[in-house]
Amino acid sequence: MRLGVLDVGSNTVHLLVVDAHRGAHPLPAHSHKAELRLAQLLDADGAIGPDGVDKLISVVRDALQAAEDKGVEDLLPFATSAVREASNADDVLARVQTETGVELRVLTGAEEARLTFLAARRWYGWSAGRLLVLDIGGGSLEIAYGMDEEPDAAVSLPLGAGRLTAGWLPGDPPAPEAIRSLRRHVRAQIARTVGEFSRLGSPDHVVATSKTFKQLARIAGAARSAEGLYAQRELKRESLEAWVPRLAGMTAAQRAELPGVSENRSGQLLAGALVAEGAMDLFGVDALEVCPWALREGVILRRLDHMGSA
């Protein structure tokens, strides 16, 4: 059947349409994206303002039309940290449902981590052994570890690249003292979780998902997106550590000229790099592989599993 996943994230509202059935590889059929940056539309009270809600409703309507045009039979709509943590989340969800008919399911941070882990496990298979999965979104960082399809440990930290850029890195480029303060904050947050994972043993394979990791791997020399899903893409900590000070000295416009870096994401790439560097260092990761599948694919796979057991 043709499934659609509507992902209301902190940076982007993304409709992914796939042709899928249980036991088969979901085949992407269409992608529809709109940059909304909900994480940056929060007011001083942590609420999504009226303009932000209006924009969200408009974007959801456009995605619904795209889903209808592409013949989607079943739509799986969900929202992540920007909506989850908004002080007026219930009102926002009610307005979206009233005006579009879409009932957004708000995922917890732990659910995000588990579903992303499921996608990575299915991509790499059982032979990958113990997986450590890192995912940097616009609003949060998810970390998950395990042997099976359900991770043994999964956490979500408020270390998304968009959130940190808006809250910690004013200026273009940001001041060195602001960067140092953010670096300390990021590492202190991650360090609190390391013990929970380290007692489970060393991973056999470390993978990362998300646009942030893909862009960091690309500027460090990984394969272009044009080379396809199956090209192996690796990010080495040594390369990342060399790039962080270079990114720190660049303006957003200069970062946008780097290979694989989009203009829309260039402003938050430094914050994402600080999170990636901190996670790799504190977890003792010398190199990781970028996984093509992530949260949206995890949602699809879980839906297909439930269909098969119904």
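How many Å apart are the mean positions of the positive and negative charges of the protein? The mean positions of the 34 positive and 41 negative charges are 4 Å apart. Here Lys and Arg count as positive and Asp and Glu as negative, while His and the chain ends are not counted; each charge is placed at NZ of Lys, CZ of Arg, CG of Asp or CD of Glu.

This is a predicted model, in which local features need pLDDT of at least 70, side-chain atom pairs count only at pLDDT 80 or more, and totals for chains, interfaces and linings use all residues. Residues are numbered from 1 along each chain as its sequence is written, and side-chain values use heavy atoms, with hydrogens and water left out.

**The whole protein**

Display the protein as a cartoon. It contains 12 helices and 11 strands, taken as DSSP runs (helices H or I, at least four residues; strands E, at least two) and numbered from the N terminus. The radius of gyration is 19 Å, close to the 19 Å that the globule rule gives for 310 residues, so the protein is as compact as a globular protein of that length. This radius is taken over C-alpha atoms, and the rule is 2.2 Å times the number of residues to the power 0.38. Along the principal axes, the C-alpha trace spans about 45 × 45 × 35 Å.

Next, switch to a surface view. The accessible surface comes to about 13500 Å², with 47% belonging to carbon and sulfur atoms (Shrake-Rupley method, 1.4 Å probe). Of the 310 residues, 54% are buried, that is, under 20% relative accessible area (1.4 Å probe, protein chains only).

**The five-stranded sheet**

Now select the open sheet of five strands, whose order is β3-β2-β1-β4-β5 with mixed pairing; two strands pair if DSSP finds at least two bridges between them. β3 (27-35) and β5 (105-106) stand at the edges with a single partner strand each, so one side of each is left without a neighbour in the sheet.

Select residues 2-8 (β1) and residues 12-19 (β2), which pair in the antiparallel sense over seven bridges. These strands form a hairpin with three residues between them. Within the pair, Gly 4 stands opposite Val 17, and Val 5 has Leu 16 as its bridge partner.

Is β2 mostly covered or exposed? Seven of the eight residues of β2 are buried, and the strand is mostly covered.

β2 and β3 run antiparallel and are joined by eight bridges. Here Val 17 stands opposite His 30 of β3.

Key: Buried means under 20% relative accessible area, exposed over 50%, partly exposed in between (1.4 Å probe, protein chains only).
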